[in-house]
Amino acid sequence: MKYLKYSLLIIIASTVLGCGAYSFTGVQDLGNVDTFQVNYFQNNAALVEPGLERDFKIALEDLIQNQTNLSLVTSNGDLVYEGEITEYRISPTTATANSTAAQNRLTISVNVRFYNKKDDENDFERSFSFFYDYEGSELLSGSTKTTAFEEIFERLTQDIFNASLANW
């Protein structure tokens, strides 16, 4: 009976310790990485939306801060995100019988360069894109625009996070 108690104690301890490194956000072990920086994303899209680059930068910074314990810095970060907005496009997706758009699609694409100064094997340059569909009778302004940006930024930033820190 004494050996059974010790065996059970060892099994429970190893199970608890084995799960200690797991993260619900899927972040890989960052080792000695403590800081990150997000540089300015130049807006090189053919159609320029004022403030888009600032809003995207803030959304990416917020997501990384909320899902990791990394500190945001303005220079000399262990992890560096930079790039450019390459596409901001509004296009009709479906038409009505009157040849007007029944539904429009806003597409935003960004090219991201990621540098891990502690482990350059994880560096990459990659393009990310996502879209938001809205009614053709609506203008892309006010709450429609806010909702579109929130949904697109949520998906883009999560995809960038997964590619750079979760290795998905």
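Strand 3 and strand 4 pair in the antiparallel sense, over 15 bridges. Two strands are said to pair if DSSP finds at least two bridges between them. The strands and helices themselves are DSSP runs, numbered from the N terminus: helices are H or I with at least four residues, strands are E with at least two. Within this pairing, Tyr 88 stands opposite Ile 108 in strand 4. Strand 1 and strand 3 run parallel and are joined by six bridges. There, Gln 42 has Glu 84 in strand 3 as its bridge partner.

Before I continue, a word on the basis of these values. This is a predicted model, in which local features need pLDDT of at least 70 and side-chain atom pairs count only at pLDDT 80 or more, while totals for chains, interfaces and linings use all residues. Residues are numbered from 1 along each chain as its sequence is written, and side-chain values use heavy atoms, with hydrogens and water left out.

Let us turn to the core. Which residues have the most contacts inside the largest nonpolar core? They are Tyr 81, Leu 106 and Ile 108, in a core of 35 residues. A nonpolar core here is a set of buried Ala, Val, Leu, Ile, Met, Phe, Trp, Tyr and Cys residues joined through side-chain atoms within 4.5 Å. Buried means under 20% relative accessible area, exposed means over 50%, and partly exposed lies in between, with a 1.4 Å probe and protein chains only. Strand 1 (35-43), helix 2, strand 3, strand 4, strand 5 and helix 3 each give two or more residues to this core. Helix 3 gives the most, with nine residues. Ile 108 touches, among others, Leu 52, Ile 85, Tyr 88, Phe 149 and Leu 156; a contact means heavy atoms within 4.5 Å.

I come now to the rings. The structure holds eight aromatic pairs. Rings of Phe, Tyr and Trp (its six-membered ring) pair if their centres lie within 6.5 Å; planes under 30 degrees apart count as stacked, over 60 as edge-to-face and the rest as tilted. Phe 56 and Phe 153 form an edge-to-face pair, 5.7 Å centre to centre with 70° between the planes. Phe 56 belongs to helix 2 (residues 52-67) and Phe 153 to helix 3 (residues 142-166), so this pair ties together parts 97 residues apart in sequence. Phe 56 is buried at 1% relative accessibility, and Phe 153 is buried at 7%. The pair of Tyr 81 and Phe 114 is tilted, because the ring centres are 5.0 Å apart and the planes lie at 50°. Tyr 81 and Phe 114 are both buried. Ring pairs also link Phe 41, Phe 56, Tyr 88, Phe 149 and Phe 153 into a cluster.

Finally, the two aspartates. Is Asp 78 buried or exposed? Asp 78 is buried, at a relative accessible area of 12%, and sits in the loop between strand 2 (71-72) and strand 3 (79-95). A polar atom of the Asp 78 side chain lies 2.8 Å from the backbone nitrogen of Asp 34. Asp 78 also touches residues including Asn 32, Thr 35, Tyr 115 and Lys 118. Asp 120, by contrast, is exposed at 59% relative accessibility. Asp 120 is placed in the loop between strand 4 (101-116) and strand 5 (124-135).

Notes: A polar contact is a pair of N or O atoms within 3.5 Å; within protein, one must be able to donate a hydrogen and the other to accept it, and residues adjacent in sequence count only if both atoms are side-chain atoms. Lists of a residue's contacts leave out its neighbours within four places in sequence.
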